[in-house]
Amino acid sequence: MIAVENTEIELNSAPDAKLRRELLENAAMILTTLKGTNPQNRGMGLEADTVGRAGHTAMGAYSVQAIEQISLYEPRLAVAEVDFEAGGDKIIPKVVLKYNGG
């Protein structure tokens, strides 16, 4: 089940589940690839220097790049929110995506 504004939508059919899986796989690929490492599209992915930046600078850079990359390479999705959790010495991003249709 997903919630869009005040409406809840349940996607249980096989095509819906398949589409959801495809979208999440595409988003995961985009958000975990370093720019320049995908031989099919060198422009896809996040800048490698984002990881080495200081806390708030890295979070801001990651957020901007996530929004731009999802918009460019998976236009059926939009980034609704980017949140971060501190896990010891790591900052772990949580990207919430919204289905645009298409």
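How many bridges join strand 3 to strand 4? Select residues 90–99, which are strand 4, along with strand 3 (77–87). There are 10 bridges between these two antiparallel strands; strands count as paired if DSSP finds at least two bridges between them.

Before moving on, some ground rules. This is a predicted model, where local features need pLDDT of at least 70 and side-chain atom pairs count only at pLDDT 80 or more, while totals for chains, interfaces and linings use all residues. Residues are numbered from 1 along each chain as its sequence is written, and side-chain values use heavy atoms, leaving out hydrogens and water.

Still on the hairpin, click on the turn: two residues sit between strand 3 and strand 4, and glycine 88 there has a positive phi of about 70°. Next, pick aspartate 83 and look across to lysine 94 in strand 4, which stands opposite.

Now zoom out. You'll find two helices and four strands, running β-β-α-α-β-β from the N terminus. Those are DSSP runs numbered from the N terminus: helices are H or I with at least four residues, strands E with at least two.

Time to go inside. Select Leu23, Ala27, Ile30 and Leu31, which are among the 12 residues of the largest nonpolar core (buried Ala, Val, Leu, Ile, Met, Phe, Trp, Tyr and Cys joined through side-chain atoms within 4.5 Å; buried means under 20% relative accessible area with a 1.4 Å probe, protein chains only). Helix 1 (14–32), helix 2 (55–73) and strand 3 each give two or more residues to this core, and helix 1 gives the largest share, four.

Last stop: isoleucine 70. Leaving aside residues up to four places away in sequence, its contacts (heavy atoms within 4.5 Å) include Ala27, Pro75 and Leu97.

Note on methods
Buried means under 20% relative accessible area, exposed over 50%, partly exposed in between (1.4 Å probe, protein chains only).
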